[in-house]
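Welcome to this short tour. Please open the structure in your viewer and keep the selection tool at hand.

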Amino acid sequence: MCGIVGYIGQRDAYPIIIKGLQRLEYRGYDSAGIFLYDGETMHLSKTKGKVEDLKHKSETSIDISGKLGLGHTRWATHGIPNDINSHPHSSNSGDLVIIHNGIIENYESIKKALQERGYVFESDTDTEVLVNLIEEVKQKEQVKLGKAVQIALNQVVGAYAIAVFDRTKPDEIVVAKLGSPLAIGIGDNEYFVASDASPFIEFTNNAVYLEDEEMAIIRLGKEIKLRKIKDDAIAYPTIQELQLNIEEIEKGGYDHFMLKEIYEQPRAILDTYRGRLRVNQGIIKMAGIDQNLEKFLNANRIIIVACGTSWHAGLVAEYTFEDLARVPVEVEYASEFRYRNPVITDKDVLIAISQSGETADTLAAIKMAKEKGAFVFGVCNVVGSSIARETHAGAYTHAGPEIGVASTKAFTTQITILTMIALKLAKEKGIFSESRFHALLTELEGIPAKVEKVLESNVLIEQIAEVYKDSTNCLYLGRGYNFPVALEGALKLKEISYIHAEGYPAAEMKHGPIALIDEQMPVVVIATRKGHYEKVISNIQEIKSRHGKIIAVVTEGDEMVTELADHVIEVPETTEALTPLLTTIPLQLLSYHIALMRGCNVDQPRNLAKSVTVE
Ligand code: M6R
């Protein structure tokens, strides 16, 4: 849950590292640090706070020259966010410097043993233990850095992406990976190391993604040497050509990544179905499904595992798969599923949903399901991510980089993919007539234009936000397909504005939450004409009788809810299964504006990180 960056080459390392850390701040942002080597002297600067704070501190306190550097942006696990616990960490001799993303689970016993042998520790981190273990191995075994890293890593339990520098071998960086991502950018007589490719995309399109349990020795003027950490076997790097472009990872004129990503949704949904949804031919082409159709058609059930927003997309899919394709579905929090000793057989298909493709609990759930014989299908956004590699087959959402910590376009593109799978299965099972299938494909094709239309309500939503920005609680209600949207709306509000919010199935309100309703309580109700409309109107009446304030998301031209609600936001008419793709958008904008008005950091909410690579 941290971001790491490294550079060795002919350029000044400082600007590359700082810019790279800014791009990786979505991974963690409670403290940051940088290490630079200028050929003679090692310079270290670390601080609690953001990369901007680090920049200020470094430029006023250390010599920022040097053609080699390591940088780190942290999401604290062991030890509070402060200057000392920030990375990079140095070994006792001062010769070794390390940056680390991950957790060394057995660090306490190693630390105790090292202390007994005279090692002292400044910080509370597991990482400082690791760098000293490497140092001890190096001295005791009289080996070079690469070998020492390898021996030390064979003694640790946990997850890591590390980069290590040794003053006695200053033309190389040693990196290793298990469980946390690590990419090496290959330039012209220069190398980059990072948690993802964004820090080096303007310098090179060639990258090697380390596999788990691989390490690499990166030496200037030499080709990278890859080997397996466990048994020392030589591994051969596969150089991939990157598809990322720089505009995609910059704000492009928007004030925040979140807003940019909300507005990107028409394009993102279109990119998700592009080439797959072939309305004229009346087919959906998805290689991962086409090649494994029998598995899906013969499955006893589909189990969906995910976390957070991706779990909400899974809940929407539960409605879609059961309603359209008549397949039984269970949706599970990956973190619960993996520890529940669930009954899984080889007749189960497990779909893992993850924007980042790195979420630790989802990854562990996949591994468990595979061991028990299930067929595992991934729905990921990040190409080449751990989950994408770990699954038997999958489909990328092609949403483009999502940098804002609050997921927006990931959600709608995940729903798009999952809906296409459900439609495809329904067609294969002969559930739909050709004409109904064609009508649904046409409707899905028209969704981007309808999302554009919803985005036109931005100013109205900003005005509504102004009214409710000081609320302390908020309730979100929806039924059927829009129940998961209520959950998602509540999650968006709480994670970026820190207002307590709850999502509920509208009918459940009377079993408890109704007690919360008074004239201070805003209630966001998704009340589109398709799906339980009259019943939701009854729920609105119940809120109104208790003086709650109603913000309703309704279908264009609605009259009945409009009469009752304090505020209405219209979305275009669509088929019920596709309504979440439209009703979600106003809720994203509402939380964005409220968070902004409350002075919150929209893109980097407190205590959160974009990729949750710890369990
Ligand atoms: O990368 P993933 O989709 O696996 O991430 C899952 C959650 O961590 C993520 O959706 C989280 O809940 C977001 N902050 C929600 O906006």
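Predicted model: local features only at pLDDT ≥ 70, side-chain atom pairs only at ≥ 80, totals over all residues.

Next, pick Gly-480, which is 96 residues away from Glu-576 along the chain; the C-alpha atoms of the two are separated by 9.2 Å.

For the next stop, select Thr-555 in strand β26 (residues 549-555). Thr-555 has a relative accessibility of 3%, and therefore counts as buried. Show its side chain and look towards Arg-529: the side chain of Thr-555 reaches the backbone nitrogen of Arg-529 at 2.7 Å. Not counting residues up to four places away in sequence, Thr-555 also touches other residues, including Ala-527, Thr-528, Glu-570 and Pro-572.

Now zoom out and colour the chain by domain. The domain assignment gives domain 1 (3-248), domain 2 (251-445) and domain 3 (454-601). Between the C-alpha centres of domain 1 and domain 3 there are 45 Å.

Time to visit the ligand. How many residues surround the ligand? There are 15, and the closest are Ser-310, Ser-354, Ser-356, Thr-359 and Glu-495. Domain 2 (251-445) and domain 3 (454-601) each give at least three residues to this shell. Highlight α10 (308-325) and α18 (483-497) too, as each of these helices supplies at least two residues of the shell. By type, the shell divides into 5 nonpolar, 8 polar and 2 charged residues.

Finally, look at the oxygen atoms of the ligand and pick out these partners one by one:

- Ser-356: one of its polar side-chain atoms lies 2.6 Å from a ligand oxygen.
- Gln-355: here a backbone N or O atom lies 2.7 Å from an oxygen of the ligand.
- Lys-492: a polar side-chain atom lies 3.0 Å from a ligand oxygen.

To finish, show the surface around the ligand. On its own the ligand has 410 Å² of accessible area, and the protein covers 92% of it.

Note on methods:
Residues numbered from 1 in each chain as written. Heavy atoms only, no water. Near = heavy atom within 4 Å. Polar contact = N/O pair within 3.5 Å; in protein donor to acceptor, adjacent residues only side chain to side chain. Areas by Shrake-Rupley, 256 points an atom, 1.4 Å probe, with all protein chains shown as cover. Helix = DSSP H or I, 4+ residues; strand = E, 2+ residues; numbered from the N terminus. Nonpolar A, V, L, I, M, F, W, Y, C, P; charged D, E, K, R; others polar. Domains from an automatic or database assignment. Buried < 20%, exposed > 50% of the residue type's maximum accessible area, 1.4 Å probe, protein only. Contact = heavy atoms within 4.5 Å.
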